[in-house]
Amino acid sequence: MRQASSLRLLVVKCHFQITRIVCNQTSPRQTVCGVSYCTSPRIPAAMAKAGVKSEVSSVMEPPVALRRSARNARNASKKEGVIPIKQEDPPVKALAGSARRNKRSRVKEEESTDVEPPTKIAKRSSPSPSTTTRAESETSSPRKGAASRGNGRSGEGRENKENKEADLRAKKLKSYAQFANKSPFPDFPRPTAEECQRAYDILASLHGERQRPEKVVSAPVDRAGCGDAPSVLDALVRTILSQNTSNKNSTRAKLDMDEVYGTGDSEERWGAIAAGGPAKLEKAIARGGLGGVKSRVIIDILRQVKERYGTYSLDHLQGLEASGDDEEAMRELISFRGVGPKTASCVLLFCIGRDSFAVDTHVHRLTGMLGWRPATASRDETFAHLDVKIPDSLKYGLHVLFVEHGRKCAECKAGGKNLGRCELRRAFKRSDGNVKAEEEVMVQEALDSEGVSQ
């Protein structure tokens, strides 16, 4: 490269000297890149006499030479007896290039000064295994890095979800254990055992006797029911379908679900429901109401059951019933996300056969109307209070009769008004005569029934 630069400098000096000799102020000139060049046709002939090679002069020739000037130069050289050398218009990039194409050897020679020795190239082309391993460990592809980051995020997401589920389970168990086997309102005396018996007698006279069957032999096929199934898992799903809806709507949801996934309590059926996902299940049970909420709860319960026990079954809770450990069965049921005291109590009462007083929207409304709980008590607090106050022998019958009366009585249903005709109301007329407070309780229950009960 240094030799080429020196050669160019020599040509420039030579061109300058010839220009001074040949050119005068009236000679034609052309300016290229800020440099003024003389385009007189006598310059090539003078350069030929000076012995300057045309290949070198072509390097420093103005980039854009007029064709007319080239012809004039050739004609002048013929007249003077000098053999002209062909002059070509070099491309614009000639100033930045190294030399003409036909001088490949010179170009290679110049470029060889910037090339590293072959030994170094060989070393780079075949790195050692340790170097390759180190380079791969230090520099990873963007896709691999993104995949690793995605796996890390998904792992963190699963871990966070598991932690949230564990926290929620711990809070539910702590809340339940706080008032297990004792009332959250120890100074609230009602209902007494005599009041419970009187209420049962009145409701039985209106709607008939209700006694618990000795054993649930088979699940009903024409309705959803509320926990009355021999399979604990099936009873739990049926109870969720019956939440905050009528028997007619819950039955529609159950029949539609059986049409899509089949009937029975097989491992394959529960696996198909879980594999189908919440969207498919929501579409199947849409006619029952709140399909989006209930489908997510059911799918999540199936997932939790499979992860804990390796199979879609909760029948081991029947063994806890045989040992008389009601609290252990209740704690295990409410440990599932989406299952609260009301749902667990229904499964215990109707499926497992335990004495548990389940509190749904009808029971909560009627017991508030009768004054058996504080007006501000929630459903869970009402369950804890009444499960202690009501005798075990009346829990099944009173629950079933309260639900039936709350659906059929015009005065006791949600939004009903006291007309003085309901026998149950007359028997338990509030001593303070505060009918307005009773109506407020019933209106509040009507609003609460719009949400999903647990």
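Visitor: What percentage of the residues in the protein chain is buried?

Guide: A residue counts as buried at under 20% relative accessible area, taken with a 1.4 Å probe and protein chains only. Here 39% of the 454 residues in the protein chain are buried. This is a predicted model, in which local features need pLDDT of at least 70 and side-chain atom pairs count only at pLDDT 80 or more, while totals for chains, interfaces and linings use all residues. Residues are numbered from 1 along each chain as its sequence is written, and side-chain values use heavy atoms, with hydrogens and water left out.

Visitor: How many helices and strands does the protein chain have?

Guide: Both are DSSP runs numbered from the N terminus: helices (H or I) have at least four residues and strands (E) at least two. The protein chain has 21 helices and two strands.

Visitor: Which residues have the most contacts inside the largest nonpolar core?

Guide: A nonpolar core is a set of buried Ala, Val, Leu, Ile, Met, Phe, Trp, Tyr and Cys residues joined through side-chain atoms within 4.5 Å. The largest one holds 64 residues, and Leu398, Phe402 and Leu424 have the most contacts inside it. Helix H10 (residues 232-241) provides the largest share of this core, seven residues.

Visitor: With which residues is Leu424 in contact, leaving aside its neighbours within four places in sequence?

Guide: Contact means heavy atoms within 4.5 Å. With those neighbours set aside, the partners of Leu424 are Ala199, Ile202, Leu203, Leu370, Phe402 and His405. A second, separate core has six residues, among them Cys346, Ala358, Tyr396 and Val400.

Visitor: How much space lies in the largest pocket?

Guide: Rolling a probe the size of a water molecule over the atoms shows where empty space is left. On a 1 Å grid over the protein atoms alone, a pocket is an open set of points where a 1.4 Å probe fits, with protein on both sides within 12 Å along at least five of seven lines; lining residues have an atom within 4 Å of a point. The largest pocket contains about 1000 Å³ of space. Its lining has 43 residues, of which Gly225, Cys226, Asp228, Phe350 and His399 are the closest to its centre. H19 gives the most to this lining, with seven residues.

Visitor: Which residues are the closest to the centre of the second largest pocket?

Guide: They are Tyr176, Met330, Ile334, Pro341 and Phe383, out of 32 lining residues. This second largest pocket holds about 620 Å³ of space, and H18 supplies the largest share of its lining, six residues.

Technical notes: Buried < 20%, exposed > 50% of the residue type's maximum accessible area, 1.4 Å probe, protein only. Points joined across faces, edges and corners; volume = space filled by probe spheres on them.
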